[in-house]
6 protein chains.
Amino acid sequence: MSPKTTVILVIILNFHLIWASDPDPVQDFCIPDTKPGSTSHIHFSNLPCKNSPEVIADDFVFSGIKSAGNFTETGFFAKSVTPTLFPGLSTLGMSFVRADLDVGGINAPHFHPRATEVAFVLEGMVYSGFVDSTNRVYARVIEKGEVMVFPRGLVHFQMNVGDSPATILGSFNSQNPGIQRIPEAVFGSGIRYELLEKAFGLSAREVGLLRRRFISNGKR
Amino acid sequence: MSPKTTVILVIILNFHLIWASDPDPVQDFCIPDTKPGSTSHIHFSNLPCKNSPEVIADDFVFSGIKSAGNFTETGFFAKSVTPTLFPGLSTLGMSFVRADLDVGGINAPHFHPRATEVAFVLEGMVYSGFVDSTNRVYARVIEKGEVMVFPRGLVHFQMNVGDSPATILGSFNSQNPGIQRIPEAVFGSGIRYELLEKAFGLSAREVGLLRRRFISNGKR
Amino acid sequence: MSPKTTVILVIILNFHLIWASDPDPVQDFCIPDTKPGSTSHIHFSNLPCKNSPEVIADDFVFSGIKSAGNFTETGFFAKSVTPTLFPGLSTLGMSFVRADLDVGGINAPHFHPRATEVAFVLEGMVYSGFVDSTNRVYARVIEKGEVMVFPRGLVHFQMNVGDSPATILGSFNSQNPGIQRIPEAVFGSGIRYELLEKAFGLSAREVGLLRRRFISNGKR
Amino acid sequence: MSPKTTVILVIILNFHLIWASDPDPVQDFCIPDTKPGSTSHIHFSNLPCKNSPEVIADDFVFSGIKSAGNFTETGFFAKSVTPTLFPGLSTLGMSFVRADLDVGGINAPHFHPRATEVAFVLEGMVYSGFVDSTNRVYARVIEKGEVMVFPRGLVHFQMNVGDSPATILGSFNSQNPGIQRIPEAVFGSGIRYELLEKAFGLSAREVGLLRRRFISNGKR
Amino acid sequence: MSPKTTVILVIILNFHLIWASDPDPVQDFCIPDTKPGSTSHIHFSNLPCKNSPEVIADDFVFSGIKSAGNFTETGFFAKSVTPTLFPGLSTLGMSFVRADLDVGGINAPHFHPRATEVAFVLEGMVYSGFVDSTNRVYARVIEKGEVMVFPRGLVHFQMNVGDSPATILGSFNSQNPGIQRIPEAVFGSGIRYELLEKAFGLSAREVGLLRRRFISNGKR
Amino acid sequence: MSPKTTVILVIILNFHLIWASDPDPVQDFCIPDTKPGSTSHIHFSNLPCKNSPEVIADDFVFSGIKSAGNFTETGFFAKSVTPTLFPGLSTLGMSFVRADLDVGGINAPHFHPRATEVAFVLEGMVYSGFVDSTNRVYARVIEKGEVMVFPRGLVHFQMNVGDSPATILGSFNSQNPGIQRIPEAVFGSGIRYELLEKAFGLSAREVGLLRRRFISNGKR
């Protein structure tokens, strides 16, 4: 095999293809092909589609959110279902999430850069709300069977105020809404101390404490 | 008051304003104003927005799908929640539906012209599927906690194959996905007998029976 | 050559790439490359673009709908022109169709999941209409030189009511509008008998007859 | 009647409402209401929709391009059909045009800022083409039954090179594609002489001649 | 005048119309009419358009960002230019901002829910960056003549690290990108103490201090 | 290596992938990979994305428009910055341009098929304007610190009317707005003489002179 060939194959294996856009698909659907050889290195939403005869009903069914997983320290569990987990969503402009809150647990303030969320309470009593561009908060307790909508790109949050675990099913109008959790994005990402001190009116020590709390391993 | 003035006011009261488009809102949200004077004649999605100080958290919460209503003859109940019922959805590009199926009940073949649907089974065992542009069906039984996706504009259907009522929560990536139920749209809408006879290979009598079954009162 | 290499090449040859979206191209145009080596297995709308110097005026001209082909049993002929047939349409958000109707011929109720259609009558007298989301039909006879518009995703139909063949030119605002023909999609796709019986109020025998009439060879 | 009332009515009568966007309608259709009282001063695409029961099949049919009108000096006739002429197109993202060319007649270089055009030759032999962003021209003669596509926003043109009048049916993927005819837009719009002299390398006299040729009455 | 009339006029004066969407205008432009009678109560982006003859070149020119205004406590000044300030931007899908930073001044972490920003440094040395969905920060010092891009909906920030005031010109691909400043949105909006304590690992006293620092007058 | 393999590799190296659309990215960003092996033959906006750990802050900073380059004969310099020059813009729906005008220099009438432009005057006095679909011109002199907006797809132009060089920073709401310069697109592209003579009312000699002036080397 020539050296040239080798280089090309490395590229195909190691990078995912650019670009995709939520609105207005030009095909009925596209089930990314994940068989051996396409390898897990390739971003799912950019894999080639399966040929039609290979697509089956199971490709459009997802069974992975029947139950919650382990809670975090703040009593939270979430499983986001985008095309990476559920390839059948590819190109269809939607995704969803199951979130569970332990008694007193919280879903810290966060937002989704690319989607509105419709959140349905499957179980529990949840203090739930969002903040608009004028810094007004719209929040109240919602209960089983109630639905709250969080407009695209606005900071929102939830806290279980009932006496049993709560479960929420959220739907998004993007196949990959993205997420920024405020504590981690602001204090755990590596923004310069000086800027954070001035932005929040905190001392270097206070920013340092927050930073150590939220920075993940391996961050720069 | 001059006659000209009268005419104009009648127009304002009786018609809803034109046009709206799902993608990319240019404001955080818009709660249509429904106070006395705007009258129920005006299409909700085209009402003026409430002024910001009048908007409250309740505007973003919907409590009307906690339970099912009466089943139809085919064992079906559905409540579609668009901005008409839940004004907080306006301009946000999403809506949802609660559907219930009695034992053996069906949700007849139908499609939504303007949205993909993500359907989550809250209770029950549901035979669920859709048909693609090549007339292939993708269908199987899904159960509580499972999710099926129906790509935009494709015919889909559901049937309760379990031994207790089933409940489904569907989400859409349009604030008004629209719906066409095949039996009613084709046989109950008033399309000429001759065309339907030829299209389905049925006799005039057979088409007549189907027509009487599906035509609503007051149809032309 | 290593086994790994073989697998990758098979993937490239056998699958088409994912994703594309109608609105807002980011280039003037893109003529998919179809020379030997790209093979007919690859979906046209996802082929690489030709290099600019290889693009010629002929790439933007289509000559394949000058005449009708053979009529079906219901007196219908249609040739849909999407990027697969006319690569110059790629990324431009439009496609078109020539449809011919023999005397008494019909274009059975169908819809396009992803486009509005503007239908121009080139020849003949055509009973033409569509059904809206409230199951109202809007239909009348239109003649040579007249145009009817079918809104996106709504069921529509045509029947030649004149005494000579009719020809229609339809344009779409999607490069791949898709199509679902109701008789085939509902009765010929393999949806369970029981569901169809209940949906249409038909007996098992009646559904069976319709199924045999509309199922294609090789369907599951 | 109070002065305040008078002011408001003047506003309603004299201005058209802002805003509308081609993609993704949130309703089946919208037939603007044009009855007495709404007056012709209001832009059609922003009128209120008719109430559903008032909408009829005729609202979706256009009969005004069965024949050509008078040719201009350059042997050209065109009738653009947007919602202003054919209200049924409102919100549906499409429009169309009938263009006729006398023997030797031309459709001068022009472009549509907001749409791709698919042009179908109904009669005649037409030299037809467009220019891309690198100033390459793609042009050839097309004949009855052939179709040429002009990508969104690119300069294109047509000339009847046959020995009988030609007729073209153009479709657009915008309800209001807009148009800029180069001779009139550049030389007839009132751009300063000095800039045009430098841009085209022409003398003041030459620019003056072109200006007089293309400026319309009443231009500033 | 009848009571009914009075109610209607109040509505027209006090509320702004719903809905608008950034992409794909269906007209060349729309200059909202702001003359007496339309009143300042109406949201600019939903006013009727001026009639064409009333539109002038000045409608498309903005002169209000030639100089900076007073700095805030954190050494920051910003003037966002959307259709409210510059009506000519209406329906065109763009807006812009002038931001000035005193020596050591900061633009606190914030994001724009509906737009990407291209930020051009007109003067000064600016530490500038953003955080992605995985909480990685991309930041460095940029200087006069350099440009940084902040992807849609991601938290970004700036700090003047030079020894003279800095000026930045930011452009957005939405006519109303919106903004959420993290300190004010999270600590100054009225989210329950308990949730914020848990989210940031702070004491009630610490949250209280932050709340007093960032809450605006008149917030609930 | 088999002949089949060779063919495939040639395709991958020589063509760029099809398709991309400005609106609504489904990922935070995408930095096209340009390392050896991907080769310069591939269109930047369709390269695979870099893996996240390889992306750095510099990928989002552009330093190439700090100064002007050489002026053309008409006293003009422009550097358009799209993803080809600044890969960080990929998928983000924006691009920009630096334009410089010598004393008396012009930016000839041109338009961008796919974007609105917001033009900020960094230095100088510039006669600046555009033409709408009705051939009305909107033009005036703007100076340092002023901004003019050119609606999507409309012909616009600039001329330095001050006594020192002028600099303009233009922003676009497309990652690749495209451009058609009228003199070159119309007279330098190879449109048939006869059509241009009739369109502009010029003699064959006059068209010939314009053609020689604007045709580039190597045009057909």
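Visitor: What area is buried between chain B and chain C, and what share of it do carbon and sulfur atoms give?
Guide: This is a predicted model, in which local features need pLDDT of at least 70 and side-chain atom pairs count only at pLDDT 80 or more, while totals for chains, interfaces and linings use all residues. Residues are numbered from 1 along each chain as its sequence is written, chains are lettered from A and ligands numbered from 1 in the order in which they are written, and side-chain values use heavy atoms, without hydrogens or water. Buried area is the accessible area (1.4 Å probe) that two parts lose on being put together, summed over both. Between chain B and chain C this area is about 4400 Å², and the share given by carbon and sulfur atoms is 61%.

Visitor: Which residues of chain B lose the most area to chain C?
Guide: Three residues together account for 15% of what the chain B side buries. They are B:Asn135, B:Leu195 and B:Phe200.

Visitor: How many salt bridges and how many residue pairs in polar contact are counted between chain B and chain C?
Guide: A salt bridge requires a side-chain nitrogen of Lys or Arg within 4 Å of a carboxyl oxygen of Asp or Glu, and the count between these chains is zero. A polar contact is a pair of N or O atoms within 3.5 Å; within protein, one must be able to donate a hydrogen and the other to accept it, and residues adjacent in sequence count only if both atoms are side-chain atoms. With both residues at pLDDT 80 or more, the pairs in polar contact number 18.

Visitor: Why do chains B and C meet through the same surface, and how many residues does each give to the contact?
Guide: The copies meet through the same surface because 100% of the interface residues of chain B are also interface residues in chain C. With contact meaning heavy atoms within 4.5 Å, chain B and chain C each give 53 residues.

Visitor: Which strands stand at the edges of the six-stranded open sheet?
Guide: Strands (E, at least two residues) and helices (H or I, at least four) are DSSP runs numbered from the N terminus, and two strands pair if DSSP finds at least two bridges between them. The order is E3(A)-E10(B)-E7(B)-E12(B)-E5(B)-E4(B), with antiparallel pairing. Each edge strand has a single partner strand, so one side of each is left without a neighbour in the sheet; these are strand E3 (61-62) of chain A and strand E4 (76-81) of chain B.
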